[in-house]
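The sequence and the model come first.

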There are 4 protein chains.
Amino acid sequence: MSKVKVGINGYGVIGKRVADAILLQDDMELTGVTAVNADYRIRVAAEKGYSIFAATESRQSMMKEAGIPVEGSLKDLLKKVDVIIDCTPKGIGAEQKPIYEYARVKAVFQGAERHELTGISFVAQVNYEEALNKQFARVVSCNTTALCRVLNSFNKRSWLKRVRAVLLRRGTDPWESHRDGMINTFIPETKVPSHQGPDARTVIKGLDITTMAGACSHNLSHVHYAMVETKRPIGLDELRYALWEEPRLAFVRSSNGLVALNSVIELMRDLGRPRNDMWEVAVWEDALAADERETYLVFQVHNEAITVPENIDAIRSLCGLEKDGAKSIAKTDKAMGILK
Amino acid sequence: MSKVKVGINGYGVIGKRVADAILLQDDMELTGVTAVNADYRIRVAAEKGYSIFAATESRQSMMKEAGIPVEGSLKDLLKKVDVIIDCTPKGIGAEQKPIYEYARVKAVFQGAERHELTGISFVAQVNYEEALNKQFARVVSCNTTALCRVLNSFNKRSWLKRVRAVLLRRGTDPWESHRDGMINTFIPETKVPSHQGPDARTVIKGLDITTMAGACSHNLSHVHYAMVETKRPIGLDELRYALWEEPRLAFVRSSNGLVALNSVIELMRDLGRPRNDMWEVAVWEDALAADERETYLVFQVHNEAITVPENIDAIRSLCGLEKDGAKSIAKTDKAMGILK
Amino acid sequence: MSKVKVGINGYGVIGKRVADAILLQDDMELTGVTAVNADYRIRVAAEKGYSIFAATESRQSMMKEAGIPVEGSLKDLLKKVDVIIDCTPKGIGAEQKPIYEYARVKAVFQGAERHELTGISFVAQVNYEEALNKQFARVVSCNTTALCRVLNSFNKRSWLKRVRAVLLRRGTDPWESHRDGMINTFIPETKVPSHQGPDARTVIKGLDITTMAGACSHNLSHVHYAMVETKRPIGLDELRYALWEEPRLAFVRSSNGLVALNSVIELMRDLGRPRNDMWEVAVWEDALAADERETYLVFQVHNEAITVPENIDAIRSLCGLEKDGAKSIAKTDKAMGILK
Amino acid sequence: MSKVKVGINGYGVIGKRVADAILLQDDMELTGVTAVNADYRIRVAAEKGYSIFAATESRQSMMKEAGIPVEGSLKDLLKKVDVIIDCTPKGIGAEQKPIYEYARVKAVFQGAERHELTGISFVAQVNYEEALNKQFARVVSCNTTALCRVLNSFNKRSWLKRVRAVLLRRGTDPWESHRDGMINTFIPETKVPSHQGPDARTVIKGLDITTMAGACSHNLSHVHYAMVETKRPIGLDELRYALWEEPRLAFVRSSNGLVALNSVIELMRDLGRPRNDMWEVAVWEDALAADERETYLVFQVHNEAITVPENIDAIRSLCGLEKDGAKSIAKTDKAMGILK
Ligand SMILES: NC(=O)c1ccc[n+]([C@@H]2O[C@H](COP(=O)([O-])OP(=O)(O)OC[C@H]3O[C@@H](n4cnc5c(N)ncnc54)[C@H](O)[C@@H]3O)[C@@H](O)[C@H]2O)c1
Ligand SMILES: NC(=O)c1ccc[n+]([C@@H]2O[C@H](COP(=O)([O-])OP(=O)(O)OC[C@H]3O[C@@H](n4cnc5c(N)ncnc54)[C@H](O)[C@@H]3O)[C@@H](O)[C@H]2O)c1
Ligand SMILES: NC(=O)c1ccc[n+]([C@@H]2O[C@H](COP(=O)([O-])OP(=O)(O)OC[C@H]3O[C@@H](n4cnc5c(N)ncnc54)[C@H](O)[C@@H]3O)[C@@H](O)[C@H]2O)c1
Ligand SMILES: NC(=O)c1ccc[n+]([C@@H]2O[C@H](COP(=O)([O-])OP(=O)(O)OC[C@H]3O[C@@H](n4cnc5c(N)ncnc54)[C@H](O)[C@@H]3O)[C@@H](O)[C@H]2O)c1
């Protein structure tokens, strides 16, 4: 069977990681990536040998003049691919959808787009099958992906009564921290409840959840506090097992020196992870708590990386490369080096 | 009636603020403060004309040689005062208590000491009367004080069913941020539930509360997220009124540009507050939310300042200067410039 | 003699401080301030009783609707004042100048405007007399003001041969640190030499200086490193005397615990300075060094505050209230609480 | 010829990187590493299959109980190696030297030790030959290494007259940023001149240099500002060529989006560098400047990584594996992936 041809539209934080991840899969190939500028990010893509297309016609000549070996425009790329991964900034994906429809390609959108754009909000371990052979799906945001992974372990055991969570976002992403950051402050989100709760319900139907959010003065990743009311008392041991057994969750322990966001990222550096990425949700094992009514969890969400394996699985689901979500997850995880 | 004579043992973040606040009261006077070193902080106290005592005998000569006009040691200070405000670092207060007992002075301890040290954990608007004419009381920590002020408005209306809160601490205090800080990270507290929940129960008896905590990479103040389950649905209007009516809470609004910790502190600067202190808990009015089961609040807690008026009221209660808590609060607030 | 009537155009970081400083002078009065919005900053001005004008006609109704007691527009304010202090953002001052000319008022501009706008770049202790009875002057930027104050002590003794300085700017101002900051990085300025060197030459004519610059991830103030080549070897004692004798420089000592930007600002808080402002350049006395060829200095520049007394002196010079710069400086310093 | 057997004493920031780098060389092998604790860092080493030894006898049982597969103590490791790389914290290396002498192994020390400990301060491209077949050498600190690399390009052309540099250190290293950091401040070093100037003279003899230093609130790497007086005017072109031709310097350009420390580190992430390490000194090409008297440079120094290739070369020099420094450098650089 020939490999699925994949293009990336928007080569930023998410786009460049999905591109790299596709190269690791044996059932897909990277046809090309688009860009709108000529900075170091796209220059490295060129050095790696990725085929580069201009996202818009107008950018093509500018990029060429700047020495980028542009092979055409998005239109040209769309002619060559089976599926496009839309990794453009918020709101642009929605504008692009008609173009993808016209080109008759399948497309995966990212979390900043609205659920309604595709009607399918995707987290592989929850609802892989929902996207099977469809044309479009949306991989939900990093925050929603993390909530869904963690809560799936409760939900599939019918433990869930009600979830309350406080989501603390990193101030901005590392690559743009010189211009889009904050200094010595904290910004509470005044939209209460925050949108992530309803967003999680587009994946785990019927979830009773309320989230509040805020942004911190660091850029290393998000951190979530979750208080999960359960239908019956859940013991620490069964909680630990349920989380351990769930894909793409990993335990970290303060007793091993993993006491803060920076030490977990240092672990990723020591493990040789590309870009020190952590694709798993890191749950603090020694902070797990439970009483007769609820369980308490705190976990780190590496926002730059966590949705990357989801995009790979979404391609497989949309293209019908694999019918069984668990098998796709296992395949992706093996290829990327995500181990339990 | 002669003024109550007050001494401060430990001239740090809290001690220096309590000293300044005492000077503003007409029923107390500042007899002196102790120190253990000769740095700029105690030099300013000397310039202001505060009487300075060495916390220990051994420090006396060192401080004198460094040019600090030391008038004696703690022992000497204790002979001159009616009440001592112990503002020493965690754990030292407990060691000092026998000395205060021996000297037959009343004493107020701070929040890092354990409840059992005095048996009275004090937040003026909740339990002023509990400390009346007693020898010892403990003003609770900044975090617990804030929780008690906010929850008192629910509790006195018998609204409270169960409280869940996430408390985000500043990384360290501004004055020591060059040596005791953190950079670009977040430290989740692995003790879950965190100690502030049980601590709040020493003030508001029978409170059903669970807290989780963590520390951020900023130094400007704490921020709390509270999800308060209520016995009956509480409307936004009655919630707003209950909070508005409660002493030492103040509303801030994002719509006025007060969108983050730094903008609220800038307001304190513009208001001419000493040291840009905010003695009130600042509740984001436009982030208040309520549904049929619970209410949601986010508030800023200026940890350096918030317990200062509490210390003044605690003096009044211990010394029996005023029997009515509400009157003491009003008097303190007027003297310090805390307005509704 | 009646007081000089002063208006402030642009009520931001600099404008609000100059307004407050004018109130402390006995030879000037604050006629009003302009604003373009209705946020907490201008609300506090209203609460303080400052007369408020809309910077533009179009903003007037918006501000009124938002409850700000607007008394008119800039045009109305200009009719009432002798001198306007233009504290608008970069470039806007230049646009306003024709309006001030038309209104026949004197005007002081700030450091982001170009020297050519007024032809007079002002630092009181260097060239107060240059602005005497003129219509327009520019108070130079915080960085240039600091350099000029420090180097004046060398220049007036004919010590100066050549100056090299590295200027490290705060990332952004505190009030806007939630939206205009940076996280965990440092931005080198690629314009080398940076503009502050030439700018200092508009004040101290003939100065041989080269500056390089960069921006740090803190918001507390700037810090400068200066290496000053001298015509003859300067001893540490005469260097110390020269700096001590110079107005608006103050020594800080690490040995007193003043070891970093935050500790010096904490000193300002302890001293009761409004908004913890430091109007002086703080020179680290125990970091002063000298060898047979040059002297080495490191100093802190509180960018929010340092040009405020300069604005007061500039008013006095333009309006001819005082002919002797030293007398104006002494008068301003006494009124504001700047002591040697 | 059999491979040189290398041990690492002290598995921290430097030790773990040198260990990984040794594995990439074909003329050396990693015999083992020592540790004093059982945290995630040494657990990853065990997972990678590195042989682990306890740094002290007393730690051996503790580490074993914690599940670390300890193969013996430092004493045992020393019996198996030809050369030990001492990467212990400041001052401990000096204590270890007699032990290495007794074991008759060669040893490389790091920059926190004093020059006098070995009499040879090593930067490969400057003085590789000085360490040839000696028993001990010291790889100088990250700051000194960077200065020596940059200034070597001037020195070997006899351009140098006098160097002035301001060195801005990162606040702390990423892995310990939760406990050893700073928040929103800057610490000027009060020792002026700072020690790096004299330290550079132990490598480049006769260098006329003065350095000043300070520490910033970020953890991403150091940045240096250098003002280099030259014996004759140096044009920008020849400056650029001299730097380009020098090993282990790399140009970065703001015009390519590399505008701050974080963007250069993002480039390392995109390049797939392990731990996002940058072994080269990154010189901002578009900030290079020159006038008739001096040249001006600003460069980024990735302190965690920059001395790693130096350690490899130092092994080769001490063990006489290669007589020609340029060849060793080329070999190391090829193995590690350092390209021009
Ligand atoms: N950054 C995160 O942490 C994160 C995490 C999960 C999901 N997401 C989602 O991924 C999507 C992309 O976010 P990101 O963080 O990668 O953004 P980004 O800004 O890093 O990358 C977007 C890229 O798209 C390019 N671009 C802009 N306009 C374009 C156009 N018209 N056509 C093609 N390319 C264009 C930009 O140049 C940029 O390189 C968003 O939906 C976001 O919500 C982001
Ligand atoms: N910093 C806060 O935000 C905050 C808020 C609320 C309550 N508190 C509580 O206030 C108490 C004091 O905390 P702080 O932040 O003011 O600490 P701090 O370190 O700022 O001040 C403590 C002072 O006590 C001095 N000291 C040390 N040993 C002493 C001794 N043996 N005798 C006398 N003085 C001694 C120190 O030199 C220092 O000046 C603690 O219980 C703390 O939990 C602190
Ligand atoms: N912030 C500093 O550290 C600092 C230090 C020294 C000098 N300066 C100089 O002072 C000047 C003002 O800077 P700032 O930091 O106070 O800026 P700011 O942004 O804090 O304040 C500018 C104010 O002007 C208002 N404004 C905008 N457009 C206006 C208009 N058309 N008419 C009237 N008001 C208008 C803004 O709303 C704002 O309140 C600049 O020249 C700046 O370079 C600033
Ligand atoms: N961190 C940097 O940026 C940097 C850069 C260049 C040079 N250096 C130099 O490298 C040396 C090591 O610094 P580092 O940053 O790697 O320190 P580090 O603290 O990261 O690592 C030191 C390691 O040695 C271990 N250790 C402590 N005592 C020991 C003992 N008695 N025996 C064996 N191991 C022991 C510690 O557990 C730690 O793992 C210092 O000389 C330092 O100046 C550091």
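Chain C and chain B together bury about 2,600 Å², and carbon and sulfur atoms give 49% of that area. Of the area that chain C buries against chain B, Tyr40(C), Arg269(C) and Asp270(C) supply 29%, more than any other three residues. These values, like those that follow, come from a predicted model.

**The interface of chain C and chain B**

In terms of residues, 33 from chain C are in contact with 33 from chain B. The count of salt bridges between chain C and chain B is 10, and one pair joined in this way is Lys16(C) with Asp270(B), whose side chains meet at 2.9 Å, N to O. Across the interface of chain C and chain B there are also 24 residue pairs in polar contact, with both residues at pLDDT 80 or more. On the side of chain C that touches chain B, at least two residues each are supplied by helix H1 (13–23), helix H2 (40–47) and helix H10 (261–270) of chain C. H10(C) gives the most to that side, with six residues. Sorted by class, the side of chain C that touches chain B holds 10 nonpolar, nine polar and 14 charged residues.

**The two domains of chain A**

Within chain A, the domain assignment gives domain 1 as 4–140 + 307–336 and domain 2 as 142–301, and the C-alpha centres of domain 1 and domain 2 of chain A lie 26 Å apart. Where these domains meet, 26 residues of domain 1 of chain A are in contact with 19 residues of domain 2 of chain A. The area buried between domain 1 and domain 2 of chain A is about 1,900 Å², with 51% given by carbon and sulfur atoms.

Between domain 1 and domain 2 of chain A the count is eight salt bridges; Arg248(A) forms a salt bridge with Glu310(A), in which the closest N and O atoms are 3.6 Å apart. The count of residue pairs in polar contact between domain 1 and domain 2 of chain A is 12, both residues being at pLDDT 80 or more. Helices H1 (13–23), H2 (40–47), H6 (124–127), H11 (308–318) and H12 (325–336) of chain A each supply at least two residues of the side of domain 1 that touches domain 2 of chain A. That side of domain 1 of chain A has, by class, 10 nonpolar, six polar and 10 charged residues.

| Ligand | Residue | Atom of the residue | Distance to a ligand oxygen atom |
|---|---|---|---|
| ligand 2 | Val13(B) | polar backbone atom | 2.9 Å |
| ligand 2 | Ala112(B) | backbone N or O atom | 3.2 Å |
| ligand 2 | Asn303(B) | side-chain N or O atom | 2.8 Å |
| ligand 4 | Tyr11(D) | polar backbone atom | 3.2 Å |
| ligand 4 | Ile14(D) | backbone N or O atom | 3.0 Å |
| ligand 4 | Asn303(D) | side-chain N or O atom | 2.8 Å |

For ligand 4, the backbones of Tyr11(D) and Ile14(D) are listed with the side chain of Asn303(D).

Definitions and conventions
Residues are numbered from 1 along each chain as its sequence is written. Chains are lettered from A and ligands numbered from 1 in the order in which they are written. This is a predicted model: local features need pLDDT of at least 70, side-chain atom pairs count only at pLDDT 80 or more; totals for chains, interfaces and linings use all residues. Side-chain values use heavy atoms; hydrogens and water are left out. Domain bounds come from an automatic or database domain assignment. Contact means heavy atoms within 4.5 Å. Buried area is the accessible area (1.4 Å probe) that two parts lose on being put together, summed over both. A salt bridge is a side-chain nitrogen of Lys or Arg within 4 Å of a carboxyl oxygen of Asp or Glu. A polar contact is a pair of N or O atoms within 3.5 Å; within protein, one must be able to donate a hydrogen and the other to accept it, and residues adjacent in sequence count only if both atoms are side-chain atoms. Helices (H or I, at least four residues) and strands (E, at least two) are DSSP runs, numbered from the N terminus. Ala, Val, Leu, Ile, Met, Phe, Trp, Tyr, Cys and Pro count as nonpolar, Asp, Glu, Lys and Arg as charged, and the others, Gly among them, as polar.
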